[in-house]
Amino acid sequence: MWWLKDVWVIDPSQKISASRDVLVKGGQVLEISSSLTEKEVLEKAQGESLETINGKGKFLFPGLIDVHTHLREPGQEDKEDILSGSRAAVRGGFTTIMAMANTQPPIDNRALIEFVCRQGERAGYAHVLPIGTVTKGMLGSELVEMADMKEGGAVAFSDDGKNIQNSEVMRLALEYAKLTGFPIISHCEDKDLAGEGLMRRGVASGRMGLRGIPASAESVIVARDLILAEETGGKLHLAHISTTESVELIRKAKARGVDVTAEVNPHHLIFCDEEIGITDTALKVNPPLGSRGDREALIEGLRDGTIDMIATDHAPHTQAEKARPFAEAPFGIASLETALSAVWQYLVLPGRLSLDRVIEAWSDTPAQRFGLPGGSLKPGTLADMVLFDPDFSEVIESAKLVSKARNTPFLEKTMQGFPVMVWVEGRLVQRDRTVI
Ligand SMILES: NC(=O)N[C@@H](CC(=O)O)C(=O)O
Ligand SMILES: [Zn+2]
């Protein structure tokens, strides 16, 4: 049994943000109280061994749920695999991760869905929940067997990494997914507008002489998908929103009652295109980093609820691939191990976002939207939880990362505020930054 004493509990699912004592027993949250005496706790332990943690000055919240994680297995295990990715997850404070389907081969049938589930269970760290593709082979034309894949354990459908260019296929997908009750997760990017662009088109891309991707490449597809979701009544989730226009479109669609949710990635909230250097491929990501104005619009959107969730879009690549010239390096940032700390340091500490809002957007809301267990510390629920120490500082060193990937802009930087204990179903899986 665990007794977390005098810890600041943030659990948006129960509207708790207060100093509390928390008891965990038999893998479940047993009780959250304003204070407990040793005698009371020992009685409740009923002879079970007890570990007491002094939580003063620390936060306890539900294990974070990441709805956008690339784990690369099967097929690209040199970048990441389900074991290394789910270890990286718990090191970063995530107890549930939704695995993206753009593997090789893509996760487009029930057998592959079951394979990802099995590998996740075998790894035994974060819960790994597979997302299936929307189309067979991720080729954008023929829909997968959604109901069958749901039976196998899929929790959503997405061709992420690629946009569904054919609007009729997207419309059918939204219609058909209604049978499963699951959202279609859309990677909004008009292929022709994006062209061979390398970063967001604007003053910075002009100065650097790099081919640009206009903001419209994202926003025209956001507009299309919102119209199709409205017409079909299907559930739509928009991945990695990055432009001011997209935020505006979502705000208006929500006001009309469209069944849409949206996510934003930490890097789009923290960086902007001006910070990209021609030698710095760590910041080469898709969608590309926007302008300062976009960054403000995204923060505002997350604050007012237009943007529902934060998601990492953990996109691991090998060092050799990221060492290529800017034009040739792949898009993506590996972020499971640094995302929460980065949000704490760059957004919560300066007062741009409250920690309560961050936790809601990264636990309760994803659980609700995708119908997942977790995201709550209600007594009786599985104890997936994070103890966060706002004062813990660490240099992000290659040797300490448990992900296979090193493509993070925070490498060699000192960061402050980290998860120092993480439990999955009441079992301690990370202590003092070491994965157990
Ligand atoms: N975000 C990225 O830059 N890359 C992702 C694909 C994606 O999420 O669109 C990847 O799979 O590498
Ligand atoms: Zn994507």
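This is a predicted model: local features need pLDDT of at least 70, side-chain atom pairs count only at pLDDT 80 or more; totals for chains, interfaces and linings use all residues.
Biologist: Why is Asp160 called buried?

Modeller: Asp160 has 22 other C-beta atoms within 10 Å. The label buried needs 20 or more, so Asp160 is buried.

Biologist: Where is Asp160 found?

Modeller: Asp160 is in the loop between strand S9 (156–158) and helix H5 (167–177).

Biologist: And what makes His187 count as buried?

Modeller: His187 has 22 C-beta neighbours inside 10 Å. With the cut-off at 20 or more, His187 therefore counts as buried. Its place is the loop between strand S10 (184–186) and helix H6 (191–194).

Biologist: How do you know that Asp160 and His187 are in contact?

Modeller: Contact asks for C-beta atoms within 7 Å. Beyond its sequence neighbours within four places, Asp160 meets that with residues including His187, Asn102 and Ala239. Seen from His187, the contacts include Asp160, Gly161 and Ala239.

Biologist: Which residues does UniProt give as "binding site"?

Modeller: The unreviewed UniProt entry puts that feature at Asp160, His187 and His240. They are spread over 81 residues of sequence, yet cluster in space, with 10.1 Å as the largest C-alpha distance.

Biologist: What makes you say that Asp160 and His187 surround ligand 1?

Modeller: A residue must have its C-beta atom within 6 Å of the ligand. Asp160 and His187 are among those surrounding ligand 1, as are His70, Asn102 and Phe331.

Biologist: How many residues of each class does that shell have?

Modeller: The shell around ligand 1 has 6 polar, 3 nonpolar and 2 charged residues. Gly counts as polar here, and Gly161 and Gly332 are both in the shell.

Key: Residues are numbered from 1 along each chain as its sequence is written. Chains are lettered from A and ligands numbered from 1 in the order in which they are written. UniProt positions are given in the numbering used here, feature names are shortened, and annotations may be inferred rather than shown by experiment. Helices (H or I, at least four residues) and strands (E, at least two) are DSSP runs, numbered from the N terminus. A residue is buried if 20 or more other C-beta atoms lie within 10 Å of its own, exposed if 12 or fewer, and partly exposed in between; C-beta atoms are placed from the backbone. Two residues are in contact if their C-beta atoms, placed from the backbone, lie within 7 Å.
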